[in-house]
Structures are given as structure tokens and as C-alpha cells.
Amino acid sequence: MLSNYIQTDKKATRDGFGAGVYELGQSNPEVVTLCADLVGSLKIQKFIDEFPERFFQVGIAEANMMGIAAGLATAGKIPFTSTFANFSTGRVYDQIRQSIAYSHKNVKICASHAGLTLGEDGATHQILEDVGMMKMLPGMTVINPCDYNQTKEATIAIAKHHGPVYLRFGRPGWPVFMPEGSFEIGKGIQMNEGTDVSIVATGHMVWYAVEAARKLEESGVSVDLINIHTIKPLDEEIILNSVARTNCIVVAEEHQRLGGLGESIAGVLAKNNPTPMEFVAVNDTFGESGKPSDLLEKYGLSIADINSAAQRVIARK
Amino acid sequence: MDTNNLIKTATQVRRDIVRQVSRAQSGHPGGSLGCADFFTALYFEIMDHDASFNMDGKNEDVFYLSNGHISPVWYSVLARSGYFPIEELNTFRNINSRLQGHPATHEGLPGIRIASGSLGQGISVAIGTALAKKLDGDDKTVYVLTGDGELQEGQIWEAAMFAAHHKVDNLILTVDWNGQQIDGPNDEVCSLGDLEGKWKSFGWEVMHMDGHNFEDIIQTVNKAKTVKGKPVAILMKTEMGKGVSYMEGTHKWHGKAPNEELTNQALSELEETLGDF
């Protein structure tokens, strides 16, 4: 039910990561954290204050950080690397590929400031290709939680999952709306059942999808709304069940269309149930400096964009 | 193991290298032959290691190979120290083999803890395991070998800076300093300059050793283990292709397999001391 998802607070998803990692510090002595000179941005100071011996400041040397994490994991530790998403993926892709993914290391790659909502720093830092890079790696789990609560729960959950994980979150304060206790790796969340259109969203775009769905429902459109936090492995069942009800689908994500969640879902649908589909995503362009909400609007990721994509896809049925 | 037996073992390891590469008609004999004495000393004398193989390496010495292309020498010493059957050396670089062209964990080969081949990553990994040992109160040592051409990779120097800053003194790096890389001598491709000065200025203790003298290898590594408060880099002089006359001292056999005639010539120079695979 849409009415279950009401904004209760405004906090950054990265704060959810910081809170989750602090809880892990208390509950799991094998958890260690690493950071490449962005402790303040990654919100891990509380972990460092309480567990200084289990924190490694690597400096501005992300490739080295990934290798050290792989070596710690080999010896039985559960390392959480932390830096911006750009420096967690593109900058160190080969290190992740060889020393972590191919070598089956239990490393948690935790990446903040993903996407356009990083804002004013601009396109050098606004990575929009990270999900694509990470989901292509065999054995890599890819998670993009939507709010503070879900990020905190995801952070805690991935420590119990054995294997490499890419956890993607962001910089800005963002509505908190997910009830606690709803996160399970690989299991999408049915937020609303409907019959006219499926809307699937991940990360920050889930809140926009909730708002779009409210407007659509007010105008008499019945929306089947799904929160996909785990992009890989993808919960194919929840998506196929949804399009069986609606026969059309919109996917919204703060990422390039190529390589994103929409592309994964298109593959599932093409194989199992070809369905009209619209993509709310960045369309083969870099971002720029600006306020997060202005950027989302300029690059076609606003609430109104989800709404009009829904109208378009319904007309294609 | 006494020096005579180490020499005997290393001779067989060299035969294994030539025969693996020749059989596969693919692989890297030059660097492998140059490091045969070092690997033999490590696995048959220096390291406290368990051939029943635990991935986490707790309470034992751990070795990482950063320059993964010299896999034939590692596979030979692993097999001959009991990690897997010697006959498996027959499968080097074949399809469905655990002996991949470059070392990997993916097929579950005992003795390998991380994939390597894309250069420059091994010191970082070794640091991670060394830090874990310190956290666990485990006083064993982590060894890592790199090539010399490999030192052109930037990540090496990220790792060098970190290890000195964090006083990772349970880590011993050996550099296979044969002066050669695929495209030619280091000095022609991209000079390493003052290599000793580089490591010293990064805060490492630097030692030198002759990679073809067992007494020197064992003494130097034992001395390196006593250094406290900083990591140690051992610059090991070796000759690429050592033991096979026509391969010695040239980069031409870095990544090339000998034909049948040259294989036979190489094997005639290397006595079968422990029985071929």
C-alpha cells in the first residue's frame, strides 16, 4: 500500500551506511573498515573512534585499498572499503576484477556519492556507469538501497553474505520512508499492487517513484510499484509477476540507461515475457554541476518524467 | 634441507618448468628459471607452511606471487612440496586444468590464495594479510615476490608508502631483479633508476642478495625477519633463464616456449634428480 510509505525524516543514505558499519563493529569482530581519505564523507568516524585498531586509513590510493582488502579477506576478515562510487569502481576496476571478483574474496565495496545527486562537484565525480561495470563481474552482488533505513539494513546484511558485494549509496539528504526490517538481499519489495502499469525503481529514484505513483493513482491509474534494491542477483519473479498483472513497465534509476537496472530487466522480459517498457535513466551523457534536484530534472529523472513515462508505456499496450 | 639437496630440488624444478612450458607450447620460462632457486629455498627451507592448505593461512607463513606469469616455477614447488599431485603438472595451461596460465583460486588449486597476472597488485594483497596477522596476534611472516619491470606500475608505490607508514614489519618483499622485461632491458624500456634509493626513501629497509646462492638467500631472508618497525625489500639479483644456456641473460625467452629440439637441449643441461612428472 502506497499509504505505508510516508516520509518520516530526511537523512542521507551514506549516514545509513555509517550507522550500519558502527553496529557491525559492535556485533562482528571480524569486520574491518578501510577508507581512502574520505572518512567524513563516508560517515565512519564513530566506527573509527570505537574500534581504531580495526580501521585502516589508506590515503588517496584506492587501488592499494582494494588489494589490501583482498588480503585481509583472504586471512578471514570482512573488509568494508569506503570511498566515493567513482573511485570505488572505474578507478580500480582491474584490482576488483582480479584480486576480488575472480579470486572470490569476501570484500564489501561501499560506495558513496553515486550518481547525479552528488551535485555541485560535477561530472568528474558523478559516476553513472558503476552499476554496469560491477554487475558484469561474475559473482558480484550489486545493491543500491533507497533511503537511510534500507542502506543501514543492507550494510548489516552484506556482512553475513559471503562473497564480494558492491553497495552503492549517495550524498544528499533524502526522504526516509522505508519501514525497518524489510530488507533481504536479492528480494524486491512490493510497495503497491496495481493493474495498469508496473513501476520499478532503485536507489534515490524509489522515493520519486512513490511520489509519481501517488499522482498516477489520484488520476485513476493503478500502479504496481516495486523497490529493487538488489540489482544483481535480480529478483526476476517479482518483476514477471508484476508485468503479468500490468503488461507494461517503467524502470527508474540514477544511472546510465546502458548497463543499468533497466537493461537487466529488459533482458529478463525479452526472454520470458516481451513487454512494452520505458526507461527513466540518464541517456548516454555525462552530468554537470548543480543542485541534485535541478540535475535530476534536467537529465530526465524527475517525478514528472516517471509520470509521463508511465502514460507513454500504457499507451503502447 | 641442506644445500646439496636444495640444488638437486632446484634442478628438478627447472626441468619441470621447461617440460611444462614445452608441453603446453606456451608460458613464461625465462623468469621462472631465474626464480627457481628462490622458490626452492622458500618452500623447502625458509617458510613454515602447511601443504594441507588452508586459504586463510592462519599461524603459518604465507607467500604471494605478484608477477603471476612465472606460474610454472610456483606450480612445480607446490606440487613437489605436496600441495597437489606432481602428475598434475602435465595439465599446465590446458583446458579443464587447475593450473591456469596465470595463478588463480577459481579452480581451487591448493597453494594459491589470490589470482595474479595483471601486474602491480601483489604487495597490496600481502599487506592486507600481514595486517590481519597483526590483528590476530599471529607472528608468522608474509612473503611477496614481484618482478622488476612490474615496479613500473603505480600501485606498487601506493603500497610502498602505506607499508612504511603503517610499519608493516611482518612483510618481506623480494624483487626479482633480472633487469629484463618483455620488450627488452628495463634500462631501455623505462629505467628503474636508483632502485635501492627508491625503496629507502619510501621508508623500507633494503637488502641485496644473490638469487642463485642458497646460503645467501637463506641468510638474507632470515636477517630480514629480524627487522622491526618497517617493511623489508630484498633486491634479488637473478639471471633470466638461469640453468638453460641459450635462455640465460636475455629477454627473448620471457614468454616463449622452446621447440622440441631446444627442449631436448635444455633438458640435457638439467639432470633429472627427483623424477619427472
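# Close-up views of a predicted two-chain model

**View 1. Helix 4 of chain A against helix 6 of chain B.** Ala63(A), Asn64(A) and Gly67(A) of helix 4 of chain A meet Gln155(B), Glu158(B), Ala159(B) and Phe162(B) of helix 6 of chain B. Residues count as in contact if their C-beta atoms, placed from the backbone, lie within 7 Å. Sorted by class, this contact has 3 nonpolar, 3 polar and 1 charged residues. Nonpolar covers Ala, Val, Leu, Ile, Met, Phe, Trp, Tyr, Cys and Pro; charged covers Asp, Glu, Lys and Arg; the others, Gly among them, are polar. The model is predicted: local features need pLDDT of at least 70 and side-chain atom pairs count only at pLDDT 80 or more, while totals for chains, interfaces and linings use all residues. Residues are numbered from 1 along each chain as its sequence is written, and chains are lettered from A and ligands numbered from 1 in the order in which they are written.

**View 2. The crossing of the two helices.** The axes of helix 4 (residues 62-74) of chain A and helix 6 (residues 154-165) of chain B come within 8 Å and cross at roughly 70°. Helix 4 of chain A is therefore roughly perpendicular to helix 6 of chain B. Angles of 65 to 115 degrees count as roughly perpendicular, under 35 as roughly parallel, over 145 as roughly antiparallel and the rest as oblique. Axes are lines fitted to C-alpha atoms, for helices over the stretch in contact, with angles from 0 to 180 degrees between N-to-C directions. Helices (H or I, at least four residues) and strands (E, at least two) are DSSP runs numbered from the N terminus.

**View 3. The contact between chain A and chain B.** Chain A gives 24 residues to this contact and chain B gives 26. On the side of chain A, helix 4 and helix 6 (93-101) each supply at least two residues. Helix 4 of chain A provides the largest share of that side, 9 residues. The side of chain A that touches chain B has 10 nonpolar, 11 polar and 3 charged residues.

**View 4. The open sheet of chain B.** Its 5 strands follow the order 1-2-3-7-6, with parallel pairing. Strands pair if DSSP finds at least two bridges between them. Strand 1 (62-65) and strand 6 of chain B are the edge strands, each pairing on one side only. From one strand to the next, the twist averages 20°. Strand 1 of chain B pairs with strand 2 (residues 142-147) of chain B over 4 bridges, and Val62(B) stands opposite Val142(B).

**View 5. Strand 7 of chain B and its two partners.** Strand 3 (residues 171-177) of chain B is joined to strand 7 (residues 232-237) by 6 parallel bridges, with Ile172(B) opposite Val232(B). Strand 6 (residues 205-210) of chain B also pairs with strand 7 in the parallel sense over 6 bridges, and here Met209(B) stands opposite Met236(B).

**View 6. The two domains of chain A.** Domain 1 spans 9-176 and domain 2 spans 189-312; such bounds come from an automatic or database domain assignment. Their C-alpha centres lie 25 Å apart. In the contact between them, 28 residues of domain 1 meet 30 residues of domain 2. Among the elements giving two or more residues to the side of domain 1 are helix 7 (130-135) and helix 8 (148-160) of chain A.

Conventions: Contact = placed C-beta atoms within 7 Å.
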